[in-house]
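Trainee: Please put the model up, and let us work through it together.

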Amino acid sequence: MSPRPPGAGLPEHPDRLWRNPDPKRRYEVVIVGGGGHGLATAHYLARDHGITDVAVLERGWLAGGNMARNTTIIRSNYLWDASAGIYEHALKLWEGLEEELDYPLLFSQRGVLNLAHSLQDVRDGMRRVEANRLNGVDAQWLDPDQVREVCPIINTAPDTRHPVLGATYQPRAGIAKHDHVAWGLARSADAAGIDLIQNCEVTGIEVRGGRATGVRTSLGPIAADRVALCAAGHSSVLAAMAGVELPLQSHPLQALVSELLEPVHPTVVMSNAVHVYVSQAHKGELVMGAGIDAYPAYTQRGAFHIIADQMAAALELFPVFARAHVLRTWGGIVDVTPDASPIIGRTPVDRLYLNCGWGTGGFKATPGVGSVLAHTIAYDEPHPLARPFHLDRFTTGALVDEHGAAAVAH
Amino acid sequence: MLLIPCPWCGPRDEAEFGYGGQAHVPYPQDPAALSDREWARYLFFRDNPKGPHAERWCHSAGCRRWFNAVRNTATNEVLAVYRVGEPRPVTG
(Lines give C-alpha, C1' and ligand atoms only; values in the text may rest on other atoms or scores of the structure.)
Protein backbone atom coordinates (compact mmCIF):
# COMPACT_ATOMS: atom_id res chain seq x y z
CA MET A 1 0.00 0.00 0.00
CA SER A 2 1.48 3.34 -1.03
CA PRO A 3 1.80 6.06 1.60
CA ARG A 4 -0.93 8.66 1.67
CA PRO A 5 0.11 12.00 0.15
CA PRO A 6 0.49 14.89 2.58
CA GLY A 7 -2.78 16.69 3.12
CA ALA A 8 -4.91 13.73 2.07
CA GLY A 9 -6.58 13.71 5.46
CA LEU A 10 -7.57 17.34 5.31
CA PRO A 11 -11.23 18.20 4.75
CA GLU A 12 -12.43 19.15 1.29
CA HIS A 13 -11.92 22.70 0.08
CA PRO A 14 -14.97 24.73 1.11
CA ASP A 15 -17.43 25.66 -1.61
CA ARG A 16 -16.24 28.50 -3.84
CA LEU A 17 -18.21 31.70 -3.37
CA TRP A 18 -18.07 32.60 -7.07
CA ARG A 19 -17.14 31.09 -10.43
CA ASN A 20 -14.10 32.27 -12.33
CA PRO A 21 -15.54 32.47 -15.85
CA ASP A 22 -13.78 33.45 -19.04
CA PRO A 23 -15.14 36.73 -20.35
CA LYS A 24 -17.78 36.71 -23.06
CA ARG A 25 -17.17 38.98 -26.02
CA ARG A 26 -20.11 41.22 -25.23
CA TYR A 27 -22.11 42.35 -22.19
CA GLU A 28 -24.91 44.78 -21.57
CA VAL A 29 -22.90 46.41 -18.77
CA VAL A 30 -19.17 46.28 -18.06
CA ILE A 31 -18.02 47.52 -14.65
CA VAL A 32 -14.33 48.30 -14.45
CA GLY A 33 -12.98 47.60 -10.99
CA GLY A 34 -13.81 44.61 -8.78
CA GLY A 35 -13.59 46.33 -5.44
CA GLY A 36 -16.40 47.02 -3.03
CA HIS A 37 -18.06 49.65 -5.19
CA GLY A 38 -17.88 47.61 -8.40
CA LEU A 39 -19.23 44.49 -6.67
CA ALA A 40 -21.99 46.45 -4.94
CA THR A 41 -23.00 48.03 -8.24
CA ALA A 42 -23.21 44.58 -9.82
CA HIS A 43 -25.26 43.30 -6.88
CA TYR A 44 -27.80 46.14 -7.11
CA LEU A 45 -27.97 46.00 -10.92
CA ALA A 46 -29.23 42.45 -10.50
CA ARG A 47 -31.34 42.99 -7.40
CA ASP A 48 -33.05 46.28 -8.22
CA HIS A 49 -33.07 46.32 -12.01
CA GLY A 50 -32.88 42.71 -13.13
CA ILE A 51 -29.79 43.47 -15.22
CA THR A 52 -27.53 40.43 -15.05
CA ASP A 53 -25.72 40.51 -18.40
CA VAL A 54 -22.89 42.20 -16.55
CA ALA A 55 -19.15 41.69 -16.24
CA VAL A 56 -17.02 43.09 -13.41
CA LEU A 57 -13.45 43.37 -14.66
CA GLU A 58 -10.70 43.37 -12.07
CA ARG A 59 -7.03 43.97 -12.86
CA GLY A 60 -5.82 42.01 -9.83
CA TRP A 61 -7.92 39.91 -7.50
CA LEU A 62 -11.38 40.78 -6.25
CA ALA A 63 -11.39 43.44 -3.53
CA GLY A 64 -7.59 43.53 -3.31
CA GLY A 65 -7.26 47.31 -3.62
CA ASN A 66 -8.75 49.82 -1.24
CA MET A 67 -11.44 47.34 -0.23
CA ALA A 68 -8.66 45.36 1.46
CA ARG A 69 -6.88 48.42 2.83
CA ASN A 70 -9.46 50.65 4.52
CA THR A 71 -10.17 51.10 8.23
CA THR A 72 -13.76 49.79 7.87
CA ILE A 73 -15.44 52.80 9.47
CA ILE A 74 -19.10 53.35 8.62
CA ARG A 75 -20.94 56.56 9.50
CA SER A 76 -23.22 59.14 7.92
CA ASN A 77 -22.75 62.24 10.09
CA TYR A 78 -21.75 64.57 7.25
CA LEU A 79 -22.54 68.26 7.26
CA TRP A 80 -24.21 69.00 3.93
CA ASP A 81 -27.58 67.73 2.74
CA ALA A 82 -26.11 66.06 -0.35
CA SER A 83 -23.59 64.10 1.69
CA ALA A 84 -26.02 63.19 4.46
CA GLY A 85 -28.34 61.98 1.70
CA ILE A 86 -25.98 59.48 0.12
CA TYR A 87 -24.14 58.38 3.27
CA GLU A 88 -27.37 57.91 5.25
CA HIS A 89 -28.80 55.96 2.31
CA ALA A 90 -25.70 53.77 2.56
CA LEU A 91 -26.01 53.36 6.33
CA LYS A 92 -29.65 52.28 6.00
CA LEU A 93 -28.59 49.68 3.45
CA TRP A 94 -25.78 48.52 5.76
CA GLU A 95 -28.39 47.93 8.46
CA GLY A 96 -30.07 45.28 6.31
CA LEU A 97 -27.12 44.02 4.31
CA GLU A 98 -26.22 40.94 6.36
CA GLU A 99 -29.73 39.61 5.96
CA GLU A 100 -29.94 40.59 2.33
CA LEU A 101 -26.67 38.86 1.41
CA ASP A 102 -27.20 36.03 3.90
CA TYR A 103 -23.58 36.39 4.78
CA PRO A 104 -21.91 37.42 8.08
CA LEU A 105 -20.43 40.90 7.69
CA LEU A 106 -19.57 41.50 11.38
CA PHE A 107 -21.45 44.77 11.03
CA SER A 108 -21.24 46.34 14.47
CA GLN A 109 -23.01 49.61 15.25
CA ARG A 110 -20.74 50.65 18.06
CA GLY A 111 -20.97 54.39 17.39
CA VAL A 112 -18.46 57.01 16.37
CA LEU A 113 -17.04 59.91 18.36
CA ASN A 114 -15.68 62.89 16.44
CA LEU A 115 -13.63 64.79 19.00
CA ALA A 116 -13.47 68.55 19.37
CA HIS A 117 -10.23 70.04 20.64
CA SER A 118 -10.78 73.76 20.17
CA LEU A 119 -13.65 76.19 20.52
CA GLN A 120 -13.98 76.26 16.75
CA ASP A 121 -14.16 72.44 16.73
CA VAL A 122 -16.93 72.71 19.36
CA ARG A 123 -18.91 75.18 17.27
CA ASP A 124 -18.42 73.13 14.09
CA GLY A 125 -19.38 69.93 15.89
CA MET A 126 -22.55 71.39 17.38
CA ARG A 127 -23.51 72.82 14.01
CA ARG A 128 -22.98 69.43 12.42
CA VAL A 129 -25.10 67.71 15.09
CA GLU A 130 -27.98 70.08 14.33
CA ALA A 131 -27.53 69.67 10.58
CA ASN A 132 -27.49 65.89 10.99
CA ARG A 133 -30.71 65.92 13.01
CA LEU A 134 -32.46 68.02 10.39
CA ASN A 135 -31.46 65.37 7.86
CA GLY A 136 -32.71 62.50 10.00
CA VAL A 137 -29.21 61.35 10.93
CA ASP A 138 -28.80 60.34 14.57
CA ALA A 139 -26.40 62.72 16.29
CA GLN A 140 -25.66 63.96 19.78
CA TRP A 141 -23.30 66.42 21.35
CA LEU A 142 -21.33 64.98 24.28
CA ASP A 143 -19.36 66.89 26.88
CA PRO A 144 -16.01 65.46 28.07
CA ASP A 145 -17.59 63.47 30.91
CA GLN A 146 -20.05 61.88 28.49
CA VAL A 147 -17.17 61.16 26.11
CA ARG A 148 -15.45 59.28 28.92
CA GLU A 149 -18.62 57.30 29.58
CA VAL A 150 -18.77 56.15 25.96
CA CYS A 151 -15.03 55.50 25.69
CA PRO A 152 -13.26 55.33 29.06
CA ILE A 153 -9.75 54.98 27.60
CA ILE A 154 -9.68 58.45 25.99
CA ASN A 155 -7.50 60.87 27.89
CA THR A 156 -9.90 63.72 28.68
CA ALA A 157 -7.59 65.47 31.12
CA PRO A 158 -7.61 69.26 30.59
CA ASP A 159 -3.81 69.58 30.62
CA THR A 160 -3.03 67.76 27.38
CA ARG A 161 -1.79 69.56 24.32
CA HIS A 162 -5.12 69.04 22.55
CA PRO A 163 -7.67 68.71 25.37
CA VAL A 164 -10.96 66.98 24.56
CA LEU A 165 -13.63 69.68 24.83
CA GLY A 166 -16.45 67.46 23.64
CA ALA A 167 -17.46 65.27 20.76
CA THR A 168 -20.20 64.56 18.29
CA TYR A 169 -21.59 61.05 18.68
CA GLN A 170 -23.44 58.99 16.11
CA PRO A 171 -24.61 55.78 17.84
CA ARG A 172 -25.64 54.04 14.59
CA ALA A 173 -22.15 54.34 13.11
CA GLY A 174 -19.75 51.44 13.39
CA ILE A 175 -17.51 49.02 11.55
CA ALA A 176 -17.85 45.93 9.35
CA LYS A 177 -15.46 43.24 8.19
CA HIS A 178 -14.36 44.57 4.79
CA ASP A 179 -13.38 41.21 3.24
CA HIS A 180 -16.69 39.66 4.22
CA VAL A 181 -18.55 42.55 2.66
CA ALA A 182 -16.73 42.02 -0.62
CA TRP A 183 -17.22 38.26 -0.53
CA GLY A 184 -20.90 38.54 0.31
CA LEU A 185 -21.51 40.99 -2.53
CA ALA A 186 -19.43 38.91 -4.95
CA ARG A 187 -21.32 35.74 -4.07
CA SER A 188 -24.64 37.48 -4.57
CA ALA A 189 -23.66 38.99 -7.93
CA ASP A 190 -22.22 35.68 -9.12
CA ALA A 191 -25.36 33.81 -8.08
CA ALA A 192 -27.38 36.23 -10.21
CA GLY A 193 -25.29 35.20 -13.23
CA ILE A 194 -22.93 38.16 -13.31
CA ASP A 195 -19.38 37.35 -14.46
CA LEU A 196 -16.62 38.39 -12.06
CA ILE A 197 -13.43 38.34 -14.09
CA GLN A 198 -10.13 38.64 -12.28
CA ASN A 199 -6.67 39.28 -13.71
CA CYS A 200 -8.28 41.26 -16.50
CA GLU A 201 -6.71 44.68 -16.95
CA VAL A 202 -8.56 47.30 -18.98
CA THR A 203 -6.11 48.88 -21.41
CA GLY A 204 -8.49 51.03 -23.43
CA ILE A 205 -12.06 52.28 -23.68
CA GLU A 206 -13.77 52.16 -27.08
CA VAL A 207 -15.63 55.35 -27.92
CA ARG A 208 -17.50 55.63 -31.22
CA GLY A 209 -19.47 58.73 -32.14
CA GLY A 210 -19.22 60.05 -28.62
CA ARG A 211 -20.55 56.84 -27.12
CA ALA A 212 -18.77 54.14 -25.12
CA THR A 213 -19.02 50.81 -26.91
CA GLY A 214 -16.68 48.56 -24.96
CA VAL A 215 -13.25 48.09 -23.49
CA ARG A 216 -9.94 46.61 -24.55
CA THR A 217 -8.47 44.31 -21.96
CA SER A 218 -5.52 42.02 -21.34
CA LEU A 219 -7.98 39.19 -22.16
CA GLY A 220 -9.07 40.75 -25.45
CA PRO A 221 -11.75 43.24 -26.47
CA ILE A 222 -15.12 43.18 -24.70
CA ALA A 223 -18.06 45.03 -26.20
CA ALA A 224 -20.60 46.68 -23.90
CA ASP A 225 -23.69 48.87 -24.15
CA ARG A 226 -22.68 50.70 -20.99
CA VAL A 227 -19.36 51.05 -19.17
CA ALA A 228 -19.03 52.09 -15.53
CA LEU A 229 -15.73 53.03 -13.91
CA CYS A 230 -15.22 52.05 -10.26
CA ALA A 231 -11.44 52.18 -10.12
CA ALA A 232 -10.75 54.51 -7.16
CA GLY A 233 -7.08 55.52 -7.28
CA HIS A 234 -6.73 54.62 -10.97
CA SER A 235 -9.81 56.55 -12.10
CA SER A 236 -7.78 59.32 -13.77
CA VAL A 237 -5.80 56.78 -15.78
CA LEU A 238 -8.95 54.96 -16.91
CA ALA A 239 -11.02 58.04 -17.71
CA ALA A 240 -8.16 59.42 -19.79
CA MET A 241 -8.56 56.35 -22.04
CA ALA A 242 -11.95 57.79 -23.00
CA GLY A 243 -10.63 61.34 -23.22
CA VAL A 244 -12.31 62.40 -19.96
CA GLU A 245 -10.26 64.54 -17.60
CA LEU A 246 -11.04 64.42 -13.90
CA PRO A 247 -10.20 66.83 -11.08
CA LEU A 248 -8.55 64.07 -9.05
CA GLN A 249 -5.23 63.59 -7.34
CA SER A 250 -4.23 60.05 -6.36
CA HIS A 251 -2.44 59.87 -3.03
CA PRO A 252 -1.15 57.05 -0.83
CA LEU A 253 -3.21 56.65 2.32
CA GLN A 254 -1.76 54.54 5.10
CA ALA A 255 -3.18 52.59 7.98
CA LEU A 256 -1.87 50.18 10.56
CA VAL A 257 -2.99 47.55 13.04
CA SER A 258 -1.58 46.59 16.40
CA GLU A 259 -1.10 43.07 17.60
CA LEU A 260 -4.23 41.37 18.96
CA LEU A 261 -5.36 42.82 22.28
CA GLU A 262 -8.17 42.22 24.73
CA PRO A 263 -11.21 44.37 24.00
CA VAL A 264 -10.34 47.81 25.32
CA HIS A 265 -11.89 50.15 22.78
CA PRO A 266 -15.69 50.03 22.61
CA THR A 267 -16.41 52.50 19.82
CA VAL A 268 -14.81 54.40 16.92
CA VAL A 269 -12.88 57.57 17.72
CA MET A 270 -11.88 60.16 15.16
CA SER A 271 -9.99 63.39 15.67
CA ASN A 272 -9.21 65.81 12.88
CA ALA A 273 -7.04 68.05 15.02
CA VAL A 274 -4.92 65.28 16.50
CA HIS A 275 -5.16 63.55 13.15
CA VAL A 276 -6.02 59.94 13.84
CA TYR A 277 -8.97 57.58 13.75
CA VAL A 278 -9.07 54.40 15.78
CA SER A 279 -11.30 51.41 16.32
CA GLN A 280 -10.72 47.86 17.51
CA ALA A 281 -11.47 45.01 15.15
CA HIS A 282 -13.48 42.03 16.36
CA LYS A 283 -10.33 39.94 16.33
CA GLY A 284 -8.62 42.40 18.67
CA GLU A 285 -6.32 44.56 16.56
CA LEU A 286 -6.43 48.28 17.09
CA VAL A 287 -7.04 49.69 13.59
CA MET A 288 -5.70 53.19 12.99
CA GLY A 289 -5.75 55.35 9.91
CA ALA A 290 -3.40 58.15 8.99
CA GLY A 291 -3.69 61.16 6.73
CA ILE A 292 -2.68 60.99 3.09
CA ASP A 293 0.91 61.37 1.99
CA ALA A 294 1.25 64.88 0.56
CA TYR A 295 2.33 64.06 -2.99
CA PRO A 296 0.41 62.10 -5.62
CA ALA A 297 1.59 58.54 -6.18
CA TYR A 298 0.33 55.16 -7.34
CA THR A 299 2.75 53.17 -5.21
CA GLN A 300 0.32 51.69 -2.64
CA ARG A 301 2.85 52.54 0.03
CA GLY A 302 3.69 55.66 1.94
CA ALA A 303 6.42 57.13 4.08
CA PHE A 304 7.10 55.94 7.60
CA HIS A 305 7.18 59.40 9.14
CA ILE A 306 3.45 59.62 8.41
CA ILE A 307 2.95 56.45 10.44
CA ALA A 308 5.14 57.82 13.23
CA ASP A 309 3.05 61.01 13.37
CA GLN A 310 -0.12 58.99 13.43
CA MET A 311 1.06 56.82 16.32
CA ALA A 312 2.13 59.92 18.24
CA ALA A 313 -1.38 61.29 17.72
CA ALA A 314 -2.95 58.06 18.90
CA LEU A 315 -0.83 58.05 22.05
CA GLU A 316 -1.82 61.61 22.81
CA LEU A 317 -5.46 60.53 22.93
CA PHE A 318 -4.98 56.99 24.27
CA PRO A 319 -2.05 56.76 26.69
CA VAL A 320 -3.08 53.14 27.28
CA PHE A 321 -1.78 52.27 23.78
CA ALA A 322 1.81 53.04 24.79
CA ARG A 323 2.85 49.40 25.02
CA ALA A 324 0.94 48.11 22.04
CA HIS A 325 3.10 46.92 19.16
CA VAL A 326 2.50 47.60 15.50
CA LEU A 327 1.70 44.39 13.68
CA ARG A 328 1.69 45.76 10.16
CA THR A 329 1.23 48.92 8.11
CA TRP A 330 0.05 49.28 4.54
CA GLY A 331 -1.09 51.83 2.01
CA GLY A 332 -3.76 52.20 -0.65
CA ILE A 333 -4.23 54.79 -3.38
CA VAL A 334 -7.08 57.20 -2.82
CA ASP A 335 -8.48 59.58 -5.42
CA VAL A 336 -9.10 62.94 -3.81
CA THR A 337 -11.31 65.70 -5.24
CA PRO A 338 -10.95 69.43 -4.55
CA ASP A 339 -14.09 69.46 -2.35
CA ALA A 340 -13.56 66.09 -0.60
CA SER A 341 -16.79 64.74 -2.10
CA PRO A 342 -17.18 61.98 -4.69
CA ILE A 343 -17.97 62.24 -8.40
CA ILE A 344 -20.87 60.05 -9.50
CA GLY A 345 -22.89 60.02 -12.68
CA ARG A 346 -22.74 60.47 -16.41
CA THR A 347 -19.75 61.81 -18.33
CA PRO A 348 -19.24 63.77 -21.55
CA VAL A 349 -19.04 60.32 -23.20
CA ASP A 350 -22.48 58.79 -23.70
CA ARG A 351 -23.07 55.53 -21.76
CA LEU A 352 -19.86 55.95 -19.76
CA TYR A 353 -20.51 56.33 -16.02
CA LEU A 354 -18.23 57.56 -13.30
CA ASN A 355 -17.87 56.63 -9.70
CA CYS A 356 -14.72 58.07 -8.20
CA GLY A 357 -13.30 60.73 -5.95
CA TRP A 358 -14.29 59.02 -2.72
CA GLY A 359 -10.88 59.90 -1.40
CA THR A 360 -10.28 58.54 2.06
CA GLY A 361 -13.86 57.50 2.76
CA GLY A 362 -15.28 55.16 0.15
CA PHE A 363 -15.79 52.02 2.24
CA LYS A 364 -18.72 53.37 4.27
CA ALA A 365 -20.56 54.23 1.07
CA THR A 366 -20.21 50.77 -0.48
CA PRO A 367 -23.88 49.66 -0.57
CA GLY A 368 -25.13 53.22 -1.05
CA VAL A 369 -23.03 53.93 -4.08
CA GLY A 370 -23.76 50.48 -5.45
CA SER A 371 -27.49 51.15 -5.41
CA VAL A 372 -27.18 54.72 -6.68
CA LEU A 373 -24.77 53.88 -9.48
CA ALA A 374 -26.81 50.85 -10.53
CA HIS A 375 -29.85 53.15 -10.84
CA THR A 376 -27.79 55.66 -12.84
CA ILE A 377 -26.62 52.93 -15.22
CA ALA A 378 -30.03 51.29 -15.55
CA TYR A 379 -31.88 54.52 -16.42
CA ASP A 380 -28.99 56.42 -18.01
CA GLU A 381 -30.06 59.16 -15.64
CA PRO A 382 -28.42 60.11 -12.35
CA HIS A 383 -30.12 58.83 -9.20
CA PRO A 384 -31.50 61.81 -7.23
CA LEU A 385 -28.92 61.19 -4.50
CA ALA A 386 -26.13 61.23 -7.09
CA ARG A 387 -27.18 64.46 -8.80
CA PRO A 388 -25.27 66.87 -6.53
CA PHE A 389 -22.09 64.87 -7.17
CA HIS A 390 -21.95 65.42 -10.92
CA LEU A 391 -18.62 66.21 -12.56
CA ASP A 392 -20.05 69.56 -13.75
CA ARG A 393 -20.08 70.98 -10.23
CA PHE A 394 -16.44 71.99 -10.61
CA THR A 395 -17.51 74.25 -13.47
CA THR A 396 -20.78 75.54 -12.01
CA GLY A 397 -19.21 76.09 -8.60
CA ALA A 398 -21.89 74.07 -6.76
CA LEU A 399 -19.28 72.24 -4.69
CA VAL A 400 -20.16 69.91 -1.81
CA ASP A 401 -17.44 71.07 0.52
CA GLU A 402 -16.98 68.35 3.12
CA HIS A 403 -13.46 69.27 4.16
CA GLY A 404 -14.63 70.18 7.65
CA ALA A 405 -16.36 66.86 8.20
CA ALA A 406 -14.28 64.63 6.02
CA ALA A 407 -10.93 65.86 4.82
CA VAL A 408 -8.67 64.25 7.36
CA ALA A 409 -10.50 61.45 8.94
CA HIS A 410 -12.97 58.91 7.72
CA MET B 1 10.63 58.28 3.05
CA LEU B 2 11.76 59.73 -0.25
CA LEU B 3 15.33 60.93 -0.73
CA ILE B 4 14.93 64.16 -2.67
CA PRO B 5 17.93 65.83 -4.34
CA CYS B 6 17.55 69.54 -3.60
CA PRO B 7 19.33 71.41 -6.43
CA TRP B 8 21.13 73.52 -3.82
CA CYS B 9 21.63 71.21 -0.84
CA GLY B 10 21.87 67.75 -2.37
CA PRO B 11 19.92 64.66 -1.33
CA ARG B 12 17.83 65.14 1.81
CA ASP B 13 14.99 63.31 3.54
CA GLU B 14 11.47 63.96 2.31
CA ALA B 15 10.50 65.21 5.79
CA GLU B 16 12.55 68.37 5.15
CA PHE B 17 10.42 69.27 2.13
CA GLY B 18 6.97 70.55 1.43
CA TYR B 19 5.07 69.41 -1.64
CA GLY B 20 3.73 72.28 -3.72
CA GLY B 21 1.58 70.71 -6.41
CA GLN B 22 1.95 70.47 -10.16
CA ALA B 23 4.65 72.66 -11.75
CA HIS B 24 4.18 74.94 -14.76
CA VAL B 25 0.62 76.05 -13.95
CA PRO B 26 0.73 79.81 -14.57
CA TYR B 27 -1.92 82.14 -13.18
CA PRO B 28 -4.16 83.16 -16.08
CA GLN B 29 -3.05 86.42 -17.66
CA ASP B 30 -6.58 87.80 -17.79
CA PRO B 31 -8.71 85.79 -15.35
CA ALA B 32 -11.85 87.84 -16.01
CA ALA B 33 -11.74 86.83 -19.67
CA LEU B 34 -11.93 83.09 -18.94
CA SER B 35 -15.08 81.06 -19.45
CA ASP B 36 -16.41 79.07 -16.50
CA ARG B 37 -14.94 75.94 -18.04
CA GLU B 38 -11.50 77.50 -18.46
CA TRP B 39 -11.57 78.90 -14.93
CA ALA B 40 -12.57 75.48 -13.57
CA ARG B 41 -9.67 73.94 -15.44
CA TYR B 42 -7.24 76.40 -13.90
CA LEU B 43 -8.71 76.08 -10.43
CA PHE B 44 -9.47 72.38 -10.03
CA PHE B 45 -7.93 70.24 -12.77
CA ARG B 46 -4.36 69.04 -12.40
CA ASP B 47 -2.40 66.29 -14.08
CA ASN B 48 -2.65 62.97 -12.25
CA PRO B 49 -0.48 60.69 -14.37
CA LYS B 50 0.77 57.24 -13.45
CA GLY B 51 4.32 58.02 -14.53
CA PRO B 52 6.56 61.10 -14.79
CA HIS B 53 5.03 64.17 -13.13
CA ALA B 54 6.50 67.68 -13.00
CA GLU B 55 5.91 69.14 -9.56
CA ARG B 56 7.01 71.85 -7.17
CA TRP B 57 8.81 71.23 -3.91
CA CYS B 58 10.06 73.59 -1.23
CA HIS B 59 13.06 72.67 0.89
CA SER B 60 11.27 74.22 3.84
CA ALA B 61 13.49 72.79 6.60
CA GLY B 62 16.68 73.40 4.62
CA CYS B 63 17.53 76.23 2.24
CA ARG B 64 13.83 77.20 2.07
CA ARG B 65 13.95 77.55 -1.70
CA TRP B 66 11.42 76.32 -4.21
CA PHE B 67 12.42 74.08 -7.09
CA ASN B 68 10.83 71.73 -9.59
CA ALA B 69 11.21 67.97 -9.87
CA VAL B 70 10.11 65.32 -12.30
CA ARG B 71 9.09 62.28 -10.27
CA ASN B 72 7.65 59.00 -11.49
CA THR B 73 4.42 58.58 -9.51
CA ALA B 74 4.41 54.83 -10.17
CA THR B 75 7.85 54.25 -8.60
CA ASN B 76 8.62 57.49 -6.70
CA GLU B 77 11.92 57.71 -8.60
CA VAL B 78 13.01 61.34 -8.90
CA LEU B 79 14.05 61.63 -12.54
CA ALA B 80 15.24 65.25 -12.53
CA VAL B 81 15.35 68.37 -10.39
CA TYR B 82 15.61 71.86 -11.86
CA ARG B 83 15.24 75.46 -10.85
CA VAL B 84 12.08 77.51 -11.02
CA GLY B 85 11.81 79.23 -14.38
CA GLU B 86 13.72 76.53 -16.24
CA PRO B 87 11.82 74.40 -18.74
CA ARG B 88 10.89 70.84 -17.84
CA PRO B 89 13.86 68.65 -18.78
CA VAL B 90 13.40 65.67 -21.05
CA THR B 91 13.44 62.49 -18.95
CA GLY B 92 13.77 58.95 -20.18
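Mentor: A:Glu245 pairs with B:Arg41 in a salt bridge, with 2.8 Å between the closest N and O atoms. The rule asks for a Lys or Arg side-chain nitrogen within 4 Å of a carboxyl oxygen of Asp or Glu. This is a predicted model: local features need pLDDT of at least 70, side-chain atom pairs need 80 or more, and totals for chains, interfaces and linings use all residues. Residues count from 1 along each chain as its sequence is written, chains are lettered from A and ligands numbered from 1 in written order, and side-chain values use heavy atoms, without hydrogens and water.

Trainee: How many salt bridges does the rule find across the interface of chain A and chain B?

Mentor: Contact means heavy atoms within 4.5 Å. By that cut-off, 24 residues of chain A touch 22 of chain B. Across this interface, the salt bridge count is 1.

Trainee: How many residues of H8(A) are buried?

Mentor: Buried means under 20% relative accessible area (1.4 Å probe, protein chains only). Among the buried residues are A:Val369, A:Leu373 and A:Ile377. H8(A) is mostly covered, and the count is 11 of 14.

Trainee: Is B:Tyr27 buried or exposed?

Mentor: B:Tyr27 sits in the loop between strand E3 (18–22) and helix H1 (36–44) of chain B. Exposed means over 50%. At 55% relative accessibility, B:Tyr27 is therefore exposed.

Definitions and conventions:
Helices (H or I, at least four residues) and strands (E, at least two) are DSSP runs, numbered from the N terminus.
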